[in-house]
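Subject: Structure handover

Hello,

Here is the structure we discussed. Please load it first, then read the notes below.

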Amino acid sequence: MSRLEIRNLQVSVNTDAGAVEILKGVDLTINSGETHAIMGPNGSGKSTLAYSIAGHPKYTIVGGSVTLDGADVLEMSVDERAKAGLFLAMQYPVEVPGVSVSNFLRTAATALRGEAPKLRTWVGEVKEAMEALNMDPAFASRNVNEGFSGGEKKRHEIMQLELLKPKIAILDETDSGLDVDALRIVSEGVNRAKDKNNLGVLLITHYTRILKYIKPDFVHVFANGHIVEEGGPDLADKLEANGYADYVSK
Amino acid sequence: MSLATTNYLTPTGREEAWRFTPLKRLQGLHDGAAIDGQRTSLVTKSSLPVGVNFVRESLQPLASSDDVIIERVRGLAEEVSHLSIAANCELSEPIFLGRVLGALDTAEFSRVRISLGAHAVATVVLENTGDTVLAEDLEISLAPGSSLKFVTIQEFESKSVYTARHHAVVDKDAHFKSITITVGGDVVRILPTVEFIAPGASAELLGVYFATSGQFFEHRMHVDHAVPHAKSRVNYKGALVGRDTHTVWIGDVLIRAIAEGTDTYELNRNLLLSDGSRADSVPNLEIETGEIVGAGHASTTGRFDDEQLFYLMSRGISMENARRLVVRGFFNEIITEIGIEGVQERLMQRIDGELEKAGV
Ligand SMILES: Nc1ncnc2c1ncn2[C@@H]1O[C@H](COP(=O)(O)OP(=O)(O)OP(=O)(O)O)[C@@H](O)[C@H]1O
Ligand SMILES: [Mg+2]
């Protein structure tokens with residue numbers, strides 16, 4: 001059982017014109033096995049929340065806390081957070097020229113498991129993970145995200161999620177840019193990780209269609225840098241029908 | 001034997017061609033102070049297949065040179081180490097050349113020729129190692145339809161000085177591909193130059209340099225499009241780390257008025273891995289005709305990409321390993337072009353080792 005606790009998190013981003021406050025006190029608790037959906041207008045700070053939890057250097061924590069099973073996440077380096085069990089599937093996965101997917105995955109697995117995976121079982125493990133996401137085995141020898149289509153990048157993120165087995169995963173618009181089949185394939189990957197590893201999920205999305213596949217336990221409305229309403233799955237349907245007008249003016 | 005200094009101009013450092021080079025560190029190669037040790041260091045490291053010969057002989061230079069050190073080499077060395085590959089000879093295995101008899105107290109003035117007969121195909125790997133003060137005039141002649149992949153690896157010891165011109169004369173439909181790797185030596189100054197003498201000729205000049213702890217590496221291309229319908233590509237990548245480390249990349253491409261249908265592109269990328277290093281990058285395209293297929297250049301100098309490091313680290317990879325992956329990845333594009341697994345892996349390990357030593 002793991003628990004990610006975010007308390008009164010305030011975050012600013014450094015710009016040429018000085019620090020701009022983006023997150024204005026976020027409170028959220030995610031337990032193993034739970035799925036929390038976050039929905040909110042563009043620019044409201046959803047990715048900022050995701051990146052801040054993962055430790056992106058662009059953001060400055062102004063106040064509040066993030067803990068994973070009581071350990072201070074904000075004190076950890078980016079790789080330590082991953083080792084502690086956090087995973088971020090990025091809205092815009094980064095291209096790393098000259099580094100092959102297979103080399104990248106093996107280096108990551110070695111770091112997370114504390115020893116290099118046995119070559120014989122590892123090859124099979126990667127093959128299986130790629131097949132599960134309907135990715136051509138040829139991707140293993142391609143450079144990380146280089147020239148991948150938008151949908152391929154997202155599938156690659158979820159493939160890593162299954163392979164690296166985190167405790168808590170943040171999925172930042174993993175459903176954006178996916179065709180109907182890919183959406184189902186990616187959702188099944190997330191659900192497998194939930195079933196097998198009792199994964200806790202923070203799922204950032206603009207659309208209710210992914211929530212038909214990955215059933216949220218909680219839906220949070222995010223606006224202007226914090227959570228403005230919380231509810232069950234039916235809140236998502238209400239948002240789809242009415243938009244965010246009620247919340248943005250608050 | 002010491003050499004006569006009278007007939008040669010001595011660069012002062014104000015000349016365009018010498019403005020970056022630390023003349024004081026050239027061990028007298030440029031001003032006549034270097035003593036000729038009368039050495040011949042170049043040897044073949046593999047047995048030579050049928051159609052390939054390696055001899056010392058007297059040869060006239062292929063092309064003129066306005067480089068002062070090359071003029072001195074020509075004045076001192078009459079004999080040339082000549083690797084020749086006969087017409088129509090297609091070699092399946094690379095030929096390895098290497099060095100013996102290095103020394104730091106005297107200099108070597110060396111002339112080398114590599115020639116391919118018509119339609120010959122070969123890969124030649126020159127591994128430059130050891131302690132040496134070496135000035136070299138290396139000329140390559142490619143007969144019509146021939147194709148050469150020429151890999152030079154500058155892996156000299158830390159006090160060595162190497163100044164050289166690697167000049168290729170490329171005939172009709174011949175293809176010259178060079179991969180110039182510079183990782184060792186105190187001062188390395190190479191002039192990779194190409195002269196096209198008939199249409200259909202092409203050249204690809206690739207390079208990697210990795211300079212650390214005060215090393216000076218200069219690569220000064222010159223591609224002369226003196227005929228119509230020739231194609232050239234230049235792609236050099238460098239990484240620098242440490243105080244007073246300095247690299248220079250000059251990309252001179254000349255498209256003469258007669259050179260219609262020219263297709264050229266040159267690229268230089270530098271990665272600054274620490275403070276205190278300096279990378280000069282000067283692409284220089286001179287175009288005398290508008291009737292061309294394409295001509296372009298790009299040059300970038302930057303630091304580690306935070307987004308790349310963040311992405312790798314968010315998967316549990318340590319900062320140190322993430323940087324190593326990014327640097328390896330940066331060089332990988334060129335190193336894999338060597339196409340010889342053992343050589344590639346050795347170079348990558350050397351790069352890892354240098355990174356570790358530099359504490360990046
Ligand atoms: N460097 C910066 N300078 C100024 N503003 C910035 C900078 N970086 C981020 N912001 C602002 O922070 C706010 C939050 O951005 P964020 O990416 O977190 O939004 P989001 O909720 O994920 O939006 P979307 O739904 O479009 O993905 C935006 O208004 C954005 O413009
Ligand atoms: Mg976003």
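**Pockets**

The lining of the largest pocket has 13 nonpolar, seven polar and 11 charged residues. Here Ala, Val, Leu, Ile, Met, Phe, Trp, Tyr, Cys and Pro count as nonpolar, Asp, Glu, Lys and Arg as charged, and the others, Gly among them, as polar.

Some ground rules. This is a predicted model, where local features need pLDDT of at least 70, side-chain atom pairs count only at pLDDT 80 or more, and totals for chains, interfaces and linings use all residues. Residues are numbered from 1 along each chain as its sequence is written, chains are lettered from A and ligands numbered from 1 in the order in which they are written, and side-chain values use heavy atoms, with hydrogens and water left out.

The largest pocket holds about 750 Å³ of space. A pocket is an open set of points on a 1 Å grid over the protein atoms alone, where a 1.4 Å probe fits, with protein on both sides within 12 Å along at least five of seven lines; lining residues have an atom within 4 Å of a point. Points are joined across faces, edges and corners, and the volume is the space filled by probe spheres set on them. The lining counts 31 residues, and the closest to the centre are B:Asp66, B:Leu191, B:Thr193, B:His222 and B:Asp252. Strands S9 (161-170), S11 (187-196), S13 (216-225), S15 (246-255) and S17 (278-287) of chain B each give two or more residues. Strands (E, at least two residues) and helices (H or I, at least four) are DSSP runs, numbered from the N terminus.

The second largest pocket has a volume of about 380 Å³. Of its 18 lining residues, A:Pro97, B:Lys237, B:Arg269, B:Gln308 and B:Phe330 are the closest to its centre. H3(B) gives the most to this lining, with four residues.

**Magnesium site**

Which residues coordinate the magnesium ion (ligand 2)? They are A:Ser47 (OG) and A:Gln91 (OE1), at 2.0 to 2.2 Å. Donors are N, O and S atoms within 2.8 Å of the metal (3.2 Å for Na, K and Ca); water is not among the atoms, so sites may look incomplete. A:Ser47 sits in helix H1 (residues 46-54) of chain A, and A:Gln91 in the loop between strands S6 (86-89) and S7 (96-100) of that chain, 44 residues apart. Both A:Ser47 and A:Gln91 are buried. Buried means under 20% relative accessible area, exposed over 50%, partly exposed in between (1.4 Å probe, protein chains only).

**Sheet in chain B**

Nine strands form an open sheet with mixed pairing, in the order S1-S4-S6-S8-S10-S12-S14-S16-S18. Two strands pair if DSSP finds at least two bridges between them. S1 (42-44) and S18 of chain B stand at the edges with a single partner strand each, so one side of each has no neighbour in the sheet.

S8 (residues 147-156) of chain B has nine of its 10 residues buried. B:Val125 stands opposite B:Val151, and B:Ile153 opposite B:Ile181.

**Positive phi**

A:Asp69 is not glycine, yet its phi is near 50 degrees. A:Asp69 is partly exposed, at 42% relative accessibility. B:Ser213 has phi near 30 degrees and is exposed, with a relative accessible area of 63%.

Best wishes
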